[in-house]
Amino acid sequence: MSHPTEKLAVVDPIWSAMREEALQMAADEPAMAAMIHNSVLVHDSLETALTARLAEKLSSGDLSALQLHPLFDEALAADAGIAGSLRADIAAVSDRDPASRSVLKPLLFLKGFQALATHRIAHWLWLHGRQALALHLQSRSSEIFGVDIHPAARFGRGVFIDHATGVVVGETAVVEDDVSMLQGVTLGGTGKETGDRHPKIRRGVLISAGAKVLGNIEIGAHAKIGAGSVVLEAVPPGCTAAGVPARLVGKCGSDNPAREMDHSLPPAPPET
Ligand SMILES: CC(C)(COP(=O)(O)OP(=O)(O)OC[C@H]1O[C@@H](n2cnc3c(N)ncnc32)[C@H](O)[C@@H]1OP(=O)(O)O)[C@@H](O)C(=O)NCCC(=O)NCCS
């Protein structure tokens, strides 16, 4: 009879690849073998490895890892969509991060992925009336990962937050599938609106480092936002906006900038 983990490995290619990488990493770096064993190899599914890792990272004097771990397991067991989204997020990192094609490193080391995973659990808690716990997780994620996402903010699947330090996302923001963003991005309000006051980022958008997108504005599918921009107006699908305040600077040079992580601006129009 096959062991349950063998069965899972067959039907779960990401978990299978993660375990293989973990075995190799432990062999290559014996000093980290215990950590890798406890974080990956001791577990029988990606879900329990992830919830254990997050519980360890987010534990504090307020709530220990032993208290957090079952709460996280409860969220993933209740909503299979969370684990599906997390697999898509891991695939997005390995597909788009030029510095890492690994499926293991997001779980172990990449705080953009870890913060997004934390948010997905906090969002589930928020939707189920457990706001105090959701806010605790937002606070710990901000302290530990430097990423501050309001638990009510809605995220699609396959989102990649690269480097991640200083990312802030407001309560009524929406981030659709396959979006990529980098460190220092704010999806915030202008300070002049109430209620639904945060940006709506449509699928496949790339938001470069340090960009501030402010107000209830729509960034159209596959648009590209230049580094350091302050975006105060809607950006049509497929266009590039850059500058302070941001202006349209042309069509995207790519149909899928978030996937290709292409930060280049389009060529300047010919002088007349
Ligand atoms: C500056 C701010 C308070 C608006 O002030 P305001 O006096 O009401 O300004 P307006 O919205 O009428 O815009 C006036 C002009 O300044 C420009 N402008 C507004 N905010 C700007 C900014 N942050 N940077 C550069 N230009 C800005 C506008 O494009 C507009 O230019 P135009 O006249 O050429 O069209 C607001 O845009 C802002 O930046 N808020 C920041 C809120 C924040 O930090 N949010 C993050 C929350 S997490």
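A: Val213 counts as buried, because 28 C-beta neighbours lie inside 10 Å. The cut-offs are these: a residue is buried with 20 or more other C-beta atoms within 10 Å of its own, exposed with 12 or fewer, and partly exposed in between, with C-beta atoms placed from the backbone. The model is predicted: local features need pLDDT of at least 70, side-chain atom pairs count only at pLDDT 80 or more, and totals for chains, interfaces and linings use all residues. Residues are numbered from 1 along each chain as its sequence is written.

Val213 sits in strand β10, residues 212–214. Helices (H or I, at least four residues) and strands (E, at least two) are DSSP runs, numbered from the N terminus. Leaving aside neighbours within four places in sequence, Val213 is in contact with Thr186, Leu187, Pro199, Ile207, Ile219, Ile225 and Val231. Contact here means that two C-beta atoms, placed from the backbone, lie within 7 Å. Ala78 is another matter: Val213 and Ala78 are 135 residues apart in sequence and 33 Å apart in space, C-alpha to C-alpha.

Now two glycines. Gly220 lies in the loop between β11 (218–219) and β12. Gly220 is partly exposed, because 17 other C-beta atoms lie within 10 Å. Beyond its neighbours within four places in sequence, Gly220 is in contact with Arg202, Val235, Pro236, Pro237 and Gly238.

Gly228 belongs to the loop between β12 (224–225) and β13 (230–231). It too is partly exposed, since 15 other C-beta atoms lie within 10 Å. Outside four places in sequence, Gly228 is in contact with Gly210, Ala211 and Val244. The C-alpha atoms of Gly228 and Val244 are separated by 7.7 Å, although the two residues are 16 apart along the chain.

A cis peptide bond joins Val244 and Pro245, with omega about -10 degrees. Pro245 is in the loop between β14 (239–242) and β15 (247–251). Most residues other than glycine have a negative phi, and most peptide bonds are trans.

Two residues have a positive phi without being glycine. One is Ala164, with phi near 80 degrees. Ala164 lies in the loop between β3 (160–161) and β4 (167–169). It is buried, because 22 other C-beta atoms lie within 10 Å. Another is Asp178, with phi near 65 degrees. Its loop runs between β5 (174–175) and β6 (180–181). Asp178 is buried as well, because 24 other C-beta atoms lie within 10 Å.

In all, 13 residues surround the ligand, and the closest are Gly188, Thr190, Gly191, Val230 and Pro245. The shell divides into 6 nonpolar, 6 polar and 1 charged. Ala, Val, Leu, Ile, Met, Phe, Trp, Tyr, Cys and Pro count as nonpolar; Asp, Glu, Lys and Arg count as charged; the others, Gly among them, count as polar.

How does this part fit with the rest? The domain assignment gives domain 1 (1–146) and domain 2 (153–272). Such bounds come from an automatic or database assignment. The centres of domain 1 and domain 2, taken over C-alpha atoms, are 27 Å apart. The contact between them takes 19 residues from domain 1 and 14 residues from domain 2. On the domain 1 side, α6 (80–96) and α8 (111–127) each supply at least two residues. The largest share of that side, 9 residues, comes from α6. The residues of that side divide into 8 nonpolar, 5 polar and 6 charged.

Helix α4 (residues 46–58) has 13 residues, which should span 18 Å at 1.5 Å a residue, and its end C-alpha atoms are 18 Å apart, which agrees. The expected span is 1.5 Å times one less than the number of residues. Most of α4 is covered, with 10 of its 13 residues buried. Among them are Leu46, Glu47, Arg53 and Leu58.

Helix α2 (residues 13–28) has buried residues too: Trp15, Met18, Arg19 and Ala22. These cover an arc of only 100 degrees around the axis, which puts them on the same side of α2. The arc is that of the directions from the helix axis to the C-beta atoms. On the other side of α2, Pro13, Gln24, Ala27 and Asp28 are exposed.

Note on methods. A residue is near a molecule or strand if its C-beta atom, placed from the backbone, lies within 6 Å of it.
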